[in-house]
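Biologist: Please take a close look at one part of this model, the surroundings of the ligand, and then follow the elements there into the rest of the fold.

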Amino acid sequence: MGLEGKRVLVTGAARRIGRALALAAARAGADIVLHYGTSQEEAEHTRSEIEMMGRRVQLLQADLADPQQAAGLVERAAEAGPLYALVNNAAIFEPLGWDQTTLEEWDRHLRVNLTAPFLLSQAFARSLGDGEHGRIVNLLDWRALRPGPDHLPYTISKAALAGLTRSLAAALAPRVTVNGLALGASLPPSSGSAPANLMDTIPAGRWADLEEVAQAMLFLLEGPDYITGEILHVDGGRHLV
Ligand SMILES: NC(=O)c1ccc[n+]([C@@H]2O[C@H](COP(=O)([O-])OP(=O)(O)OC[C@H]3O[C@@H](n4cnc5c(N)ncnc54)[C@H](OP(=O)(O)O)[C@@H]3O)[C@@H](O)[C@H]2O)c1
C-alpha cells in the first residue's frame, strides 16, 4: 500500500467527487485531512466511513473564498503531523456566460478555483521538512485546455489552474510533483441538470465511473515521481471532439 501512514489533504471532500477521492486514498492506506466548506453533516459521515477502514481523519472547515482561511488551512493540518499530498478538489461551477458574469461572480470563481489552490500549494510546499517529498493533484476540467463560451468564469479559472499546475511543477521540482486531472462528465451538477445531448459529445458514450477518477488520482499520488506538470484527461475522450 503506497500511501500507508501518509497524510493526504483533500479539499471539498465531504461529498461527491472529493468524498470518492478521500475514500480511495484511505483505502490505499492514507490518513485523511478532510476539508469541507458548508457540508458539515456529510463531512462527519465521510469521516466515519474512513475511520471504519482503520484510518485517521482530521476534519477541517474553511471558506476557500477567503484567502486568509485558504492560506491557513495547511498550517492547521500540519499541526497534527506532516502532509504528504494535497488534492485541490473544491470548486464552484456556475452556468454563467460572458454577459451574466458580474465582477463579484468572476472574483468568487477565481478565489475558490484558482487563488485557494495557489495559496494551499504554497503553504504545502513550505510545510515540507528538509528532504521530504510531496505531491499535488489539481482537479481540472476538459474545458481547461479548450476554453469555450460556457461556464465562463469557471472555465477561465480552470484554464489558469492548468497553467499554475505546469508552472508550479517546474518551480517545486524535484521535491513536489504537481499534476492535473482533467475530468469530463463525472457527476451531474448538484444544482441544475446536464445538457440533454451530453452523451453525443463524449466518445466513450457514458459518464465516468468515480472509481476511474479515483484510480487516476492514486496513480498521480503513488506512481512514478518522474511524472510532473502532466494533465491527465479522464473524460472518455471529450477533449478530442
Ligand atoms: N462533476 C463533474 O462532472 C466534474 C467535471 C469536470 C471537473 N470537475 C471538477 O472536479 C472537482 C469536484 O467536482 P464536484 O462536482 O464534486 O464539485 P462540487 O460538488 O461542485 O464542489 C465540491 C466541493 O467544493 C466545496 N466548495 C465550494 N466552494 C467552497 C468554498 N467557498 N469554501 C470551501 N469549500 C468550497 C464544497 O464543499 P461544501 O459542500 O463542504 O461546502 C463542495 O462540496 C471540481 O474541481 C470540479 O471542477 C467535476
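Modeller: Helix 1 provides the largest share of the shell around the ligand, 3 residues, where helices are DSSP runs of H or I with at least four residues and strands are runs of E with at least two, numbered from the N terminus. This is a predicted model, in which local features need pLDDT of at least 70 and side-chain atom pairs count only at pLDDT 80 or more, while totals for chains, interfaces and linings use all residues. Residues are numbered from 1 along each chain as its sequence is written.

In total, 26 residues surround the ligand, the closest being Gly-12, Arg-16, Ile-17, Gly-37 and Ala-91; a residue counts as near if its C-beta atom, placed from the backbone, lies within 6 Å. Two or more residues of the shell come from each of helix 1 (16–27) and strand 5 (134–141).

Ile-32 stands opposite Val-8, and strand 1 (residues 7–10) and strand 2 (residues 31–36) run parallel, joined by 4 bridges, where pairing requires at least two bridges found by DSSP. The open sheet of 7 strands has the order 3-2-1-4-5-6-7, with parallel pairing.
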